[in-house]
Every structure is written in structure tokens, then in C-alpha cells.
Amino acid sequence: MRWWDIAPVLELERELFPEDAWSAGMFWSELADTRHPGATRHYTVAEDTAGRVAGYAGLMAVGAEGDVQTIAVARGHWGSGLGSLLLADLVREAGRRGCADLLLEVRVDNLRAQRLYERFGFEPVGVRRNYYQPAGVDALVMRLEDPAHAPLPDPAHPRPAGPPAAAGPAEPADRGSTTHG
């Protein structure tokens, strides 16, 4: 993600997170810590064939700890495997940066995203009560140990066979803990 991606990312952000969308300043702050020797952030965008932002994701990595800051996919791309590709990018980057653990928060009512994270090996480790404001929705905290050695799902098969996924806010559309809650 670069500075010129902020405007289209904000449009998608406001569509997917109307109650608690990040501001332009928040994205600028995150991007300010992506391109220097000691940078602790990694942000990426995915574009559709027309060049429009179809999804985005961000990672914070400080020492041995990584945290998924945000991950979102445009509704028109739900079920396409784009969420898996974005998450795989964050897991690889966390491993490259030497993170021993990768954490994330997901709304307890977003079962679709939880299933995605479980396919990557994330396991529940706790609950943060009333984390998502102003709605007061709890967050399930999940952890992936040793992202450098985590087996990543095959992007050619983004979902296991079975019944259709339950409707959820996005695939995935959740926040990390540090800069937004």
C-alpha cells in the first residue's frame, strides 16, 4: 500500500466498517512506519482487473510479536479467495520478520472470518469484552504460533468443500488491536 491507495482504501473502509472506519490520518500514520530500516508495519492492497482496490491488509511486527492490524475484502470479492491471499501475505511477512506469534482480533459474530483464520492455524486464546465500539461487540483473540513455519492453505482452493459459508460482515473484515478498536 502506498499513499495514493489511501483514498480508495478509505472508500472501501467506510463501506465495510461504517461504525468505526479508520480515518485518513490513521492510514497515513500506519504507512509512515512501512518504508524505513526498523519499520514495524507492512500494508498491502489487492486490485481487481479494472485497477480498483478490492482488498487490503496490514501487519504490525515488533520484536517477536506480530499483530494483524486490519484485513478487508470488498463485498463483490467475497468467496473469491482474496481474503486468503491477503492473510497469506501477512503470515509470510510475519515469518520473514521473525515473529514467534501472530495475533489478531475478530468479531465474535464473524464466523466466516473465524473459519478463514482457523484454516491458517490460528487458535482462540481469549475474548476482549466490548472491544468493537460503538456497538459493544466482543472480540475473539486468536494466535498463530511460529508463522514462519505455518502451512498456508492452497490459494487454488480457498474454501474446503462443504456447505456454504454463513453470511458474515466480510471475508474477512476485522481489525487488529493496536491502532483501531
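A: Helix α1 passes α2 in a right-handed crossing. A crossing is called right-handed if the near helix is turned clockwise from the far one by less than a right angle, and left-handed if anticlockwise. The contact is made by I6, V9, L10 and E13 on the α1 side, and by A24, F27, W28 and L31 on the α2 side; contact means heavy atoms within 4.5 Å. These residues divide into 7 nonpolar, no polar and 1 charged. Here Ala, Val, Leu, Ile, Met, Phe, Trp, Tyr, Cys and Pro count as nonpolar, Asp, Glu, Lys and Arg as charged, and the others, Gly among them, as polar. An α-helix has 3.6 residues a turn, so residues three or four places apart point the same way.

Now for the angle. The axes of α1 (residues 6-16) and α2 (residues 24-31) come within 10 Å and cross at roughly 130°, and that makes α1 oblique to α2. Angles under 35 degrees count as roughly parallel, over 145 as roughly antiparallel, 65 to 115 as roughly perpendicular, and the rest as oblique. The axes are lines fitted to C-alpha atoms, for helices over the stretch in contact, and angles run from 0 to 180 degrees between N-to-C directions.

A word on the source: this is a predicted model, in which local features need pLDDT of at least 70 and side-chain atom pairs count only at pLDDT 80 or more, while totals for chains, interfaces and linings use all residues. Residues are numbered from 1 along each chain as its sequence is written, and side-chain values use heavy atoms, with hydrogens and water left out.

Let's step back to the whole chain. Its secondary structure comes to 4 helices and 7 strands, running α-α-β-β-β-α-β-α-β-β-β from the N terminus on. Helices (H or I, at least four residues) and strands (E, at least two) are DSSP runs, numbered from the N terminus. Of the 181 residues, 50% count as buried, where buried means under 20% relative accessible area, exposed over 50%, and partly exposed in between (1.4 Å probe, protein chains only).

Next, find strand β6 (residues 137-145), where D138 sits. With 18% relative accessibility, D138 counts as buried. The side chains of D138 and R129 are joined by a polar contact of 2.7 Å. A polar contact is a pair of N or O atoms within 3.5 Å; within protein, one must be able to donate a hydrogen and the other to accept it, and residues adjacent in sequence count only if both atoms are side-chain atoms. Leaving out residues up to four places away in sequence, D138 also touches others, including V106, V108 and N130.

N130 itself belongs to strand β5 and is partly exposed, with a relative accessible area of 46%. Its phi is near 55°, a positive value in a residue other than glycine. Most residues other than glycine have a negative phi, and most peptide bonds are trans. A cis peptide bond joins Q133 and P134, with omega about 10°, and P134 lies in the loop between β5 (123-132) and β6.
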